[in-house]
Amino acid sequence: MKKLISLIICITVVLACAVPAFSATPVTAKVYNVYQNNMLFEQNEDDVVAGTAQSGNVISCYLYDKSNNLITSSEAVAENDSFSVIFKAPKGAFEEYTLVLKENGMTFTTLTGIVFGELWLASGQSNMELNMDLCSTWDEFKKAGYGSPWVRALSMYSFPDFGDDSETSIPLYPQSSMPDGEWVRGCDAKISHASAVAVYFAHKLMDEINVPVGVLNSSLGGSRIESWLSRDTIENDERALSIAKAHGTYWTDDTWVDHELSDVNSLVGDYTGKMATNFNARVYSLRNFRISGMIWYQGEANMGYEISDYQHLLGLLQKQNGELFSYKKGNLPIIYSQLASFDYNTTKSMQYFNYGFSEFQKQDPESRACISIYDLPLTFKKNYSTIHPLDKQPIGERMAENAAVMVYGKEGVYSAPTFTSARIKENEVIVKLDNVGDGIIAVGGNVKGFALCGADGVYYRAEAKIVDKDTIRVYSDSVKAPVCVTYAYSYQNDRANLYSSYHAKVGMPVTPFISNFDYDNENAICNSDWQDCDIERQWNMAFNAEHTSDALSGFYDVWNTKLCSKKIVSLGQYTFDKALNLKSLSKYFSVAHDFTYKKYNTDEVFFTNQDADWSKYGCLSFLVRNNGKNDVIIENKITTGNSRYSAAINGTVSDKYVIPADGQWHKVELNFSALYNSGDKSQIADASVLKDVRSFRVSFNSKGIYSNVDVDEFNFAPETVLNDNT
């Protein structure tokens with residue numbers, strides 16, 4: 001018995017000595033920085049927790065609910081000084097969990113506030129990166145106490161600090177861990193630094209599918225799409241490699257240049273303009289997450305590329321990220337935005353690029369959704385580039401609505417309506433669209449946004465009628481033999497008003513399109529905001545002569561008057577529902593539309609969304625109604641960069657015309673083949689001098705002081721002729 005007791009005592013002593021020795025073993029394991037408190041994992045997935053640890057050590061993972069009940073556990077053995085533990089995620093719910101990680105039985109990380117739901121990647125350039133606190137709705141969002149605690153966002157720094165190792169200031173190779181960044185809840189003040197598009201996307205999607213939603217925000221202003229593609233992706237695709245080399249974005253180990261973090265200009269240039277930089281720095285480190293899809297807002301930096309080349313690169317990005325994030329339900333869903341209304345000053349125009357976005361969706365409609373945004377408010381802060389509209393809420397919410405239908409099976413129509421075909425029928429064009437839902441509708445009245453051209457490639461704004469749920473008839477008196485039709489095909493097209501519909505609700509705007517790229521030329525910009533006299537103010541992109549500053553972009557009066565009042569009035573008895581009414585304050589009064597702006601002695605700026613080249617037209621007509629008691633004499637003046645001209649009116653050699661006081665509408669036609677220089681009828685010019693119109697003015701002269709006239713419907717036409725007797 002004594003021997004047995006002695007044996008037990010010996011064993012106890014040995015064990016007692018062994019415990020301290022085991023507990024003293026240093027913990028080597030660390031999770032990667034992307035794993036933090038308040039993060040969100042994809043629901044119902046084999047989720048992953050990863051990090052570094054000494055090879056051979058056992059890493060255990062334990063998931064507990066709010067009552068400290070063990071939900072699941074798993075373990076893995078570290079290899080190559082890293083570990084990856086897979087655990088089964090529960091169904092998404094508005095509930096927080098705790099995740100405990102142990103190395104050889106010793107706790108090294110405890111993550112609290114963990115949520116399971118739907119996780120999305122948000123990527124792109126500055127319009128995706130733009131912070132919540134820059135968004136025009138930020139004050140309202142903040143006043144409401146910020147957002148939901150069940151929305152989670154991971155945001156990264158613009159230029160991650162990879163530590164003292166200068167080799168990784170701009171990573172040459174994919175980085176396993178992200179050094180900077182933070183998970184925040186929608187209700188935290190730090191949500192101010194998260195992507196506005198991503199935050200609004202997450203809130204709207206959460207409302208649509210009733211589970212928490214998280215976003216991995218990985219975006220950088222000015223970045224080309226090549227920077228988000230890995231070296232392997234580009235070098236293993238012959239076309240992508242050719243594109244990268246042609247545009248100077250390809251680099252090799254030999255041409256890689258290291259920059260210090262303080263060398264901001266070089267960092268920006270390489271992060272935005274070189275292939276694989278953003279993939280290496282801010283995408284690869286997210287590879288262990290499981291995601292439901294990605295939202296993408298990029299393309300400005302790739303303006304000037306052939307759209308087919310960009311489509312190819314975007315398709316590679318979709319495929320690459322599907323593989324990187326182990327997406328196994330087909331092609332990774334991608335929902336992306338067209339570009340904001342802006343003059344990018346490239347040979348390949350914004351509208352060309354946006355049409356390419358819609359065509360990309362049609363190549364794989366099961367996994368791609370394109371949202372159009374040209375109808376959204378153009379708001380910006382002073383001295384903040386107008387390439388960044390600050391109302392991001394509608395963009396994020398449109399993306400979420402598309403995701404709810406395309407990915408989660410809600411009823412509705414996803415992706416913007418797109419062009420299908422155009423059939424020329426005598427002097428009109430029959431246009432077919434798809435993704436129309438219950439049918440195309442025109443919001444706000446008559447259809448706006450169409451233009452037609454003939455074989456000469458000159459575009460004229462066109463009338464259009466919806467004749468079926470997916471069919472529109474387009475026509476113009478100025479184009480007798482149309483060869484091409486465009487819709488919303490200009491830098492500025494926010495008044496184009498065709499939308500899809502579903503269950504009596506307005507859907508998304510029809511994407512800009514052109515039916516024949518053989519006629520995609522500088523004349524395709526067919527802005528008509530000033531022509532129909534329907535609005536008082538319009539947005540103008542105002543650039544200086546060098547096209548370097550757009551600081552004066554904003555809303556301008558469509559019409560500027562002298563010695564008279566102006567007002568847009570409704571005219572129910574008239575074919576067109578609105579007109580511009582003028583009430584005189586003097587015997588002489590006038591109304592003008594300007595194509596440039598100059599304040600005091602400052603440099604003149606040019607409205608680049610305005611079609612100021614009138615040399616291609618033969619005449620300009622408009623309607624005038626005299627509501628007063630005295631006849632009015634109408635005159636005109638067209639100011640160019642060098643001269644002022646007046647045009648002969650209504651088939652005569654005179655640049656004056658009498659509008660009787662009969663309350664009837666009269667058509668006035670200005671003949672561009674008979675232009676008088678500064679009123680001197682001995683100097684006759686033709687339309688070739690009107691390449692650079694700065695202002696157009698209509699003047700009135702009445703016998704009495706008080707006059708009342710309406711003007712409306714300014715339309716260009718190919719040609720006019722003088723009467724035989726003149």
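# Questions on a predicted chain

Biologist: What percentage of the 726 residues in the chain is buried?

Modeller: A residue is buried under 20% relative accessible area, exposed over 50% and partly exposed in between (1.4 Å probe, protein chains only). Of the 726 residues in the chain, the buried ones make up 56%.

Biologist: Which pLDDT do side-chain atom pairs need in order to count?

Modeller: Residues are numbered from 1 along each chain as its sequence is written, and side-chain values use heavy atoms, with hydrogens and water left out. This is a predicted model, so totals for chains, interfaces and linings use all residues, local features need pLDDT of at least 70, and side-chain atom pairs count only at pLDDT 80 or more.

Biologist: How many strands are in the chain?

Modeller: Helices (H or I, at least four residues) and strands (E, at least two) are DSSP runs, numbered from the N terminus. The chain has eleven helices, and its strands number 42.

Biologist: What share of the contacts with a separation of 6 or more comes from residues 24 or more positions apart?

Modeller: The C-alpha trace spans about 140 × 55 × 50 Å along its principal axes. Contact means heavy atoms within 4.5 Å. Among contacts with a separation of 6 or more, the share from residues 24 or more positions apart is 75%.

Biologist: How many residues of strand β12 are buried?

Modeller: In a regular strand the side chains alternate between the two faces of the sheet. In β12, Gly-293, Ile-295 and Tyr-297 on one side are buried, as are Met-294 and Trp-296 on the other. For β12 (residues 293-297), the buried count is five of five.

Biologist: Which residue of β12 is the bridge partner of Ala-122?

Modeller: Two strands pair if DSSP finds at least two bridges between them. β8 and β12 pair in the parallel sense over five bridges. The partner of Ala-122 in β12 is Ile-295.

Biologist: And in β13, which residue is the bridge partner of Trp-296?

Modeller: β12 also pairs in the parallel sense with β13 (residues 334-337), over three bridges. There, the partner of Trp-296 is Tyr-336.

Biologist: What does the twist average from one strand to the next in the open sheet of four strands?

Modeller: Axes are lines fitted to C-alpha atoms, for helices over the stretch in contact, and angles run from 0 to 180 degrees between N-to-C directions. The sheet runs β15-β16-β21-β20, with antiparallel pairing. Its edge strands β15 (418-425) and β20 (463-468) have a single partner each, so one side of each is left without a neighbour in the sheet. From one strand to the next, the twist averages 25°.

Biologist: At what angle to β15 does helix α10 run?

Modeller: Helix α10 (residues 350-363) lies across β15 and β16. Its angle to β15 is about 105°.

Biologist: What kind of aromatic pair do Tyr-97 and Phe-116 form?

Modeller: Rings of Phe, Tyr and Trp (its six-membered ring) pair if their centres lie within 6.5 Å; planes under 30 degrees apart are stacked, over 60 edge-to-face, the rest tilted. The count comes to 48 aromatic pairs. For Tyr-97 and Phe-116, the centres are 5.3 Å apart and the planes at 85°, so the pair is edge-to-face.

Biologist: How many residues apart are Tyr-97 and Phe-116?

Modeller: Tyr-97 is in β7 (residues 97-103) and Phe-116 in β8 (residues 106-124). Tyr-97 is buried at 8% relative accessibility, and Phe-116 is buried at 1%.

Biologist: Is Glu-75 buried or exposed?

Modeller: Glu-75 lies in strand β5 (residues 70-77). Beyond four places in sequence, Glu-75 touches Val-58, Ile-59, Ser-60 and Val-85. Its relative accessibility is 57%, so Glu-75 counts as exposed.

Biologist: How many residues are in the largest nonpolar core?

Modeller: A nonpolar core is a set of buried Ala, Val, Leu, Ile, Met, Phe, Trp, Tyr and Cys residues joined through side-chain atoms within 4.5 Å. Among the members touching the most others are Tyr-35, Phe-289 and Trp-614. Phe-289 has contacts including Val-34, Leu-119, Trp-183 and Phe-325. The residue count of the largest core is 165.
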